[in-house]
Amino acid sequence: MPKPFARIVFTLALVASPLLSPSAHAQSSEPDASRAASARSLFEEGVALAEKADWPGAEDRFRRALSLRDSPVIAYNLASALNELGKLVEASELLRKLEHDDKADAALKQSVTTLEAYILPRIGRITVTVRDQAAADQVKLDGHALLDAQLGVGIPIDP
């Protein structure tokens, strides 16, 4: 059964790709222009990989593009790839930031709302309770240390 949001990634990416073009300021500065061109190239590679359902590759390219250029379009596409990979908590955090991003246009925000409505009900919650914990004890979940503030309360977790 096809996943319901895979096509959003490509349609939005292709329609919104002009948002990735360098600004007039970036064109006047060689390093900025180079970063913008690299981000655009990585973004386009990510879209091509997503079209082939190579989600790990698409995630990598979108993540690297986003590190070079802060763009709502890139962030949305990264969230879409993360969704496909089951990394729902990280995807939902990206989408939450996009909801409040002034640079995101109305069409992108509608796509954010739609994808978020699909992701949020699938995120699990887990409560970790520790008894008789010594000061040197460390609690890990999926290889990551939990903070004391995360103990005893429901924390979001990927299924």
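Set aside the neighbours within four places in sequence, and R61 is in contact with L42, E45, G46 and L49. This is a predicted model, so read each contact as part of a prediction. R61 itself sits in helix α4. A39 gives a further reference point for this residue. R61 and A39 lie 22 residues apart in sequence, yet their C-alpha atoms are 8.8 Å apart in space.

Stay with α4 and turn to its packing against α5. Helix α4 covers residues 55-68, and helix α5 covers residues 72-84. The two pack at an angle of about 155°, and their axes are 9 Å apart. Angles over 145 degrees count as roughly antiparallel, and α4 and α5 are therefore roughly antiparallel to each other. The crossing of α4 past α5 is left-handed. On the α4 side, the residues that meet α5 are W55, A58, E59, F62, R63, A65 and L66. On the α5 side, I74, A75, N77, L78, A81, L82 and E84 meet them. Sorted by class, this contact has 10 nonpolar residues, 1 polar residue and 3 charged residues.

Now follow α5 to its other partner here, α7. Helix α7 runs over residues 106-119. The angle between α5 and α7 is about 20°, with the axes 11 Å apart. Angles under 35 degrees count as roughly parallel, and that makes α5 roughly parallel to α7. The crossing of α5 past α7 is also left-handed. From α5, the residues in this contact are P72, V73, Y76, A79, S80 and N83. From α7, they are L108, S111, V112, L115, Y118 and I119. The contact of α5 with α7 has 9 nonpolar and 3 polar residues, and no charged residues.

Finally, look at the largest pocket. About 320 Å³ of space lies in it. The lining has 14 residues, and the closest to the centre of the pocket are V89, L141, H144, P156 and I157. Which elements each supply at least two residues of this lining? They are α6 (88-99), β3 (144-145) and β4 (154-157). By class, the lining divides into 7 nonpolar, 2 polar and 5 charged residues.

Note on methods
Residues numbered from 1 in each chain as written. Predicted model: local features only at pLDDT ≥ 70, side-chain atom pairs only at ≥ 80, totals over all residues. Heavy atoms only, no water. 1 Å grid on protein atoms, 1.4 Å probe; cavity = no way out; pocket = protein on both sides within 12 Å on 5 of 7 lines; lining within 4 Å. Points joined across faces, edges and corners; volume = space filled by probe spheres on them. Helix = DSSP H or I, 4+ residues; strand = E, 2+ residues; numbered from the N terminus. Nonpolar A, V, L, I, M, F, W, Y, C, P; charged D, E, K, R; others polar. Axes fitted to C-alpha atoms, helices over the stretch in contact; angles between N-to-C directions. Parallel < 35°, antiparallel > 145°, perpendicular 65-115°, else oblique. Left-handed = near helix turned anticlockwise from the far one by under 90°. Contact = heavy atoms within 4.5 Å.
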